[in-house]
Amino acid sequence: MHYPYQITSIEQYQKEYQRSINNPEEFWGEVAQNFVWRKKWDSVLNWNFKEPKIEWFKGGKLNITENCIDRFLPTMADKPAIIWEPNNPEDRVRVVTYARLHKRVCQVAQMLKNNGVKKGDRVCIYMGMVPELAYAVLGCARIGAIHSVIFGGFSAQSIADRLEDAKAEFIITCDGAFRGNKDIPLKSIIDDALIGNKLVKKVIVYTRTRTPVSMIKGRDIWWEDEMEYAETQVEKDGVVHFPAEEMDAEDPLFILYTSGSTGKPKGVVHTIGGYMVWTNYTFVNAFQYKPGDLHFCTADIGWITGHSYIVYGPLSAGGTSLMFEGVPTWPDAGRFWDIVDKHKVNILYTAPTAIRSLMGFGLEPLQNKNLNSLTTLGTVGEPINEEAWHWYNENIGKKKSPIVDTWWQTETGGVLISNLAGVTPAIPSWASLPMPGVQPVLVDENGQECLPVINEAGASITSGNLCIKAPWPGILRTTWGDHERCRTNYFATYENLYFTGDGALKDDKGNYRITGRVDDVLNVSGHRIGTAEVENAINMHSGVIESAVVGYPHDVKGQGIYAYVIFEGKHFEAELTSKDILQTVSRIIGPIAKPDKIQFVKGLPKTRSGKIMRRILRKIAEGETANLGDTSTLLDPGVVDEIKAGKL
Ligand code: WTA
């Protein structure tokens, strides 16, 4: 495998970048030729951001699994596609070659077909990080079903909402999932999610933990039985065959729910052709992947990072992807370093929150760990602070492995702004340069392009809201079932621009530094959580009158969740009531959305028109009490003093 579109020098980056902007159709048409198409596209790109309508490789026919698996079988059948490291380091590692992956994906496809799944049907996947999760995702893609993976940290209620929104009729899950010393009862959570659900016809259950599970006759079936039967259908005389469905480039590949500033998560839709080209192109270029490298992305496949850089990016490049079931701190804080040492990992891609948490354990967990195999490090999910960047660089990369700070989003499909490892310069805490095809622009509230100003250090810096001027192949196409929502969320704030929701700085060399969300979305341990969602969940708690949720700086999580709650119920006891509220949030959204701090207040600072002034609440949560800015428009300025006095 070789990647003719891999950029290898800074001059080439500049040339390619210019070419991609001057003539995107020619540029992406050339890149796309490196994939297997059953029929070539009629046009490379049609678009307007008004509706929005975005089509890449329209008329092209393909199946993404042929690009991720079949095309490598003639030359690389025995090469590992996935290396699986189990939660417990003493358990057996599984090495899944391309031939084995092909067989398993064909079996899953056959199993789905046997159970009535058709092209375009939605399959919800709620599994732990086992190879079967990757087989399930790819099995859906093989028959043209739309997968929607839900992270294991979401509650039954969240799953129920997503099932309903996607109108999903099929679920693939596990009995349970191992995470550190925990055993998460996934099937039982699914059972709760299905109370009252009338649409789901089949639940396929893979056995991982052998936790007792209820199996409802006619609906719940065992993965193992179904796969065994499917095997007899797809394998004849040692030859495995299951024809991949011919898909249009613009058919949906998956739905992935993500939080926004409104209360309800939205189903971001990615389509096949553009997403494939984009994840592959960014994987090969940002990480400078070389054939034979072992890529270890520590994310969960329940998030976009796992979709793009555990599954589709590495596999479409014929790479080897390391999939890890556990957590960084179990059995001890040396777990990542053990894995790097044991498997000779070359590329390590993780989140700043994990780095900060591991930093807290000092250098002891690194002793006697050979990290020499590492050539490239990556971070994603939130801004990386300089301290964490330097720790990563010095202690993990030994100052010889370039760090790529990759900025992107669920909606962008793959990396939009990042240095290219060892090719373009790394600048601590700066995501740096846009990928070819990406045209960022910083605008003010009115959509006017911001101008640079000279800062105290004499540097020329532009600061503004980060937007993108034109589509790249991996951009979202719609939000499931509600195109208008897609338009208002991303394309209506500023005319003819995609609005990211992030703020950024730009230096005079065109490098970008992402400063964080400018909307009401929090980033907690690299997970996106909408404040409105958390407020809705808190408000569901009996006795709660109103609440306001803001973020505050947190040493490990990046941002913590601070909730101000007006409670007028009976039986109030601050500590216990807080715990009750946490329980409610866990039920409604999931444990990942539990506030770190709950402050009970008598009132919230509101304007005369009834709008909560979050700016003030944010400042108080951040510990800034002196300089709260103008509070004269408040209905009752007195509440501010009370809130300040009670700060946690
Ligand atoms: C933030 C994760 C700074 C950002 C791939 C974005 C980052 C949100 C970075 C998307 C980075 C992601 N530097 N901030 N390198 N990467 N973010 O959808 O606020 O889970 O909007 O996608 O994470 O989160 P999401």
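Domain bounds here come from an automatic or database domain assignment. Everything shown is a predicted model, in which local features need pLDDT of at least 70 and side-chain atom pairs count only at pLDDT 80 or more, while totals for chains, interfaces and linings use all residues. Residues are numbered from 1 along each chain as its sequence is written, and side-chain values use heavy atoms, with hydrogens and water left out.

View 1. Welcome to the overall layout: the protein is divided into domain 1 (10–412) and domain 2 (522–645).

**View 2. The largest cavity has a volume of about 90 Å³.** Rolling a probe the size of a water molecule over the atoms shows where empty space is left. A cavity is a set of points, on a 1 Å grid over the protein atoms alone, where a 1.4 Å probe fits but cannot get out; lining residues have an atom within 4 Å of a point. Grid points are joined across faces, edges and corners, and a volume is the space filled by probe spheres set on the points. Searching the whole structure gives three cavities of 30 Å³ or more. Look for Met127, Phe151, Arg179, Asp300 and Glu325 among the residues lining the largest cavity. Strand S9 (residues 177–179) supplies the largest share of this lining, three residues. Strands (E, at least two residues) and helices (H or I, at least four) are DSSP runs, numbered from the N terminus. The lining of the largest cavity has seven nonpolar, two polar and three charged residues.

**View 3. The second largest cavity holds about 40 Å³ of space.** Its lining includes Arg122, Cys124, Arg162 and Tyr257. Strand S6 (122–126) and helix H7 (156–166) each give at least two residues to this lining. By class, the lining has seven nonpolar, one polar and two charged residues.

**View 4. Thr478 lies in strand S26 (residues 478–479).** The side chains of Thr478 and His483 are joined by a polar contact of 2.7 Å. Leaving aside neighbours within four places in sequence, Thr478 is also in contact with residues including Gly267, Val268, Val269 and Cys486.

Note on methods:
Polar contact = N/O pair within 3.5 Å; in protein donor to acceptor, adjacent residues only side chain to side chain. Contact = heavy atoms within 4.5 Å. 1 Å grid on protein atoms, 1.4 Å probe; cavity = no way out; pocket = protein on both sides within 12 Å on 5 of 7 lines; lining within 4 Å. Nonpolar A, V, L, I, M, F, W, Y, C, P; charged D, E, K, R; others polar.
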